[in-house]
Amino acid sequence: MDKEFAARRRRDLIIAAVLAGIAALTPLFVKDVVVQNILILTLMYAGLSQSWNILSGYCGQISLGHALYFGLGAYTTELLFTKFGVLPWFGMLAGGVVSALIAMGLGYPFFRLRGHYFVIATIVIAEIGLLLFHNWDWAGAAMGITIPIRGDSWLKFQFLRTKLPYFYFALALCCLAWFVTWWLEDSKWGFWWRAVKDNPDAAESLGVDVFNSKMGAAAVSAFLVAVGGSFYAQFVSYIDPESVMGFQFSLLMALPAVLGGIGTLWGPVLGAAILIPLTELTRFKFGGSGRGVDLIVYGTLIVLISLALPRGLLSLFARPKKTGAAR
Amino acid sequence: MTALLETRGVWQRFGGLVANSDVSISVGRGEIVGLIGPNGAGKSTLFNLIAGVLPPTQGSILFDGEDVTNMPAAARCQRGVGRTFQVVKSFETMTVIDNVIVGALVRNTVMREARRKAREVLEFTGLAARADVLASDLVPAEKRRLEVARALATEPKLLLLDEVLTGLTPTEAQTGVALVRKVRDAGITVLMVEHVMEIVMPLVDRAIVLDLGKVLVEGKPAEVVRDPKVIKAYLGDRHAVGA
Ligand SMILES: Nc1ncnc2c1ncn2[C@@H]1O[C@H](COP(=O)(O)OP(=O)(O)OP(=O)(O)O)[C@@H](O)[C@H]1O
Ligand SMILES: [Mg+2]
């Protein structure tokens with residue numbers, strides 16, 4: 001039976017490699033810039049949602065404030081770049097570290113909160129972050145930061161003539177977040193997280209360090225999301241508080257995981273593959289005007305999904321083993 | 001040799017309610033000790049104090065020669081205190097074996113070893129056939145056994161069993177009794193709360209009776225059940241039937 005388990009893990013890894021291979025080849029056939037754009041965003045949100053899933057899905061600490069870490073990644077990278085000339089590659093790492101540290105700093109008081117109080121705290125904190133950046137003159141305040149682009153450069157990770165490098169970076173981010181999840185799933189941390197989610201009291205009685213489990217999950221999750229934020233800033237080459245720290249990012253990270261299957265390895269990827277093209281296409285159709293409309297649509301989706309499919313789309317495929325009577 | 005567990009003048013107050021008052025008990029290595037008493041006597045509260053869910057209002061707790069009074073639950077588990085919950089607390093979205101692996105990780109850092117340990121415990125507790133079932137799909141008797149399996153996987157020196165034999169059919173209860181004996185034979189000290197006297201009295205080496213938060217009587221099971229104070233405490237209580 002343990003062989004069966006090992007085989008399943010190996011199978012997941014092979015499927016992921018095949019899917020990544022196929023994804024890597026799509027730009028050969030897809031030349032349309034609009035479609036390429038959608039593919040890039042889909043991969044990015046798949047990676048973001050996968051990262052969100054580590055804290056909120058596996059460890060059960062539902063965050064609707066991850067836009068904060070996304071924005072921190074973007075701002076750290078671009079402030080370092082525009083003010084100090086630090087290359088975005090280093091900025092990306094710095095943004096990840098800053099976000100992970102802030103996630104742990106916030107976790108210190110807030111991980112003592114349970115259930116709804118925690119969710120509300122994440123929303124409030126992210127809104128406060130947004131306000132701070134709105135009023136922070138050195139960081140461009142509401143005007144934001146425009147990233148000077150002087151042609152294609154891998155060093156500065158900016159490209160005018162082609163979207164392909166962005167595509168491959170988004171793919172790499174998605175693969176990284178998936179692989180980290182896969183790897184942690186069968187580790188002490190993975191087991192601790194699920195135990196903490198299901199029953200913190202029982203977990204504690206079994207020697208689980210509940211508080212540090214949450215801290216670890218928050219750090220990994222925030223780090224990866226911040227790398228996504230750095231990438232996004234380079235990709236759109238202009239950032240302001242709303243466009244990298246707005247509440248819609250928190251929702252767009254949560255939704256794919258919720259749709260596909262929260263706390264599962266494949267849920268976020270599946271959810272993003274369905275959801276992001278749909279939202280991007282509708283946005284394209286109806287014009288990018290009303291942000292409020294997006295929020296209403298996302299909110300409605302969350303409610304509908306959690307009512308109709310509380311365990312996500314994956315639960316339709318892989319039904320848990322049939323229960324039998326005792327022995 | 002010192003006792004494995006000792007509580008010294010332990011009090012627990014919840015607001016105005018005194019759940020444990022001046023409780024001093026000791027449990028020797030290799031014993032099976034029964035903790036009995038009417039509903040609300042403070043048995044589960046005492047378990048929570050021993051396991052480190054909360055520190056006592058007053059008094060101290062010694063485990064294995066060490067003062068653990070203010071030690072958090074996870075650290076006590078590491079020291080060798082294992083426990084089950086009266087109201088079962090399975091990890092519902094995890095499979096049976098994954099539940100047990102969480103416990104096994106206390107002493108096995110390599111996943112492969114933790115998994116092997118968990119299998120071994122599932123064999124020991126008779127849950128092996130249900131290893132890959134979700135905990136939420138277990139019947140109540142199996143959930144009780146999973147509580148025991150999870151705690152055993154932490155390789156405790158002391159196992160606290162809170163009503164693991166309650167609400168079982170007679171056959172299931174006998175299987176449970178056999179399991180408790182097996183646990184003791186494996187060198188683990190057992191402190192168990194149980195209401196059904198016919199089951200618990202033949203099993204334990206010693207019985208401690210709690211009533212209204214206090215230790216009422218302590219001694220050999222046969223003496224304890226005949227003690228007038230105990231009969232009085234149970235009088236009118238449904239569990240006195242058959243005692
Ligand atoms: N966390 C708590 N807060 C307030 N009161 C509590 C708490 N835990 C227990 N009590 C109270 O303490 C008293 C002792 O409860 P406890 O659960 O220890 O009894 P018990 O002997 O295990 O009873 P039972 O046989 O019904 O399980 C009860 O009156 C209970 O209501
Ligand atoms: Mg009780």
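Residues are numbered from 1 along each chain as its sequence is written, and chains are lettered from A and ligands numbered from 1 in the order in which they are written. Because the model is predicted, local features need pLDDT of at least 70 and side-chain atom pairs count only at pLDDT 80 or more, while totals for chains, interfaces and linings use all residues; side-chain values use heavy atoms, with hydrogens and water left out.

**View 1. The interface of chain B and chain A.** Contact, defined as heavy atoms within 4.5 Å, involves 32 residues of chain B and 29 residues of chain A. About 2700 Å² is buried between the two chains, and carbon and sulfur atoms give 61% of this area. Buried area is the accessible area (1.4 Å probe) that two parts lose on being put together, summed over both.

View 2. Three salt bridges are found between chain B and chain A, a salt bridge being a side-chain nitrogen of Lys or Arg within 4 Å of a carboxyl oxygen of Asp or Glu. In one salt bridge, the side chain of A:Arg194 meets that of B:Asp98 at 2.8 Å, N to O. On the side of chain B that touches chain A, at least two residues each come from helix H2 (73-79), helix H3 (96-104), helix H4 (111-125) and helix H5 (140-153) of chain B. Helices (H or I, at least four residues) and strands (E, at least two) are DSSP runs, numbered from the N terminus. The residues on this side of chain B comprise 14 nonpolar, six polar and 12 charged. Here Ala, Val, Leu, Ile, Met, Phe, Trp, Tyr, Cys and Pro count as nonpolar, Asp, Glu, Lys and Arg as charged, and the others, Gly among them, as polar.

**View 3. The surroundings of ligand 1.** The side chain of B:Asn39 places an N or O atom 2.9 Å from an oxygen atom of the ligand. Polar backbone atoms also face ligand oxygen atoms, with a distance of 2.8 Å for B:Gly40 and 3.2 Å for B:Ala41.

**View 4. Strand E1 of chain B and its two partners.** Strand E1 (residues 5-14) runs antiparallel to strand E2 (residues 17-23) of chain B, and four bridges join them; two strands pair if DSSP finds at least two bridges between them. B:Gln12 has B:Asn20 as its bridge partner in E2(B). The two strands form a hairpin with two residues between them, and B:Gly15 in the turn has a positive phi of about 60 degrees. B:Asp22, found in strand E2 of chain B, has a positive phi of about 55 degrees although it is not a glycine. E1(B) also pairs in the antiparallel sense with strand E5 (residues 58-63) of chain B over five bridges, where B:Leu62 is the partner of B:Glu6.

**View 5. Two further hairpins of chain B.** E5(B) and strand E6 (residues 66-67) pair in the antiparallel sense over two bridges, with B:Leu62 opposite B:Asp67. Two residues separate these strands, and B:Asp64 in the turn has a positive phi of about 55 degrees. Strand E10 (residues 206-211) and strand E11 (residues 214-219) of chain B are antiparallel over five bridges, one of them pairing B:Ala207 with B:Gly219. B:Leu212 takes a positive phi near 50 degrees in their hairpin.

**View 6. A salt bridge within chain B.** The side chains of B:Lys117 and B:Glu155 meet at 3.8 Å, N to O. B:Lys117 lies in helix H4 and B:Glu155 in the loop between H5 and strand E8 (158-162), 38 residues apart.

Methods: A polar contact is a pair of N or O atoms within 3.5 Å; within protein, one must be able to donate a hydrogen and the other to accept it, and residues adjacent in sequence count only if both atoms are side-chain atoms.
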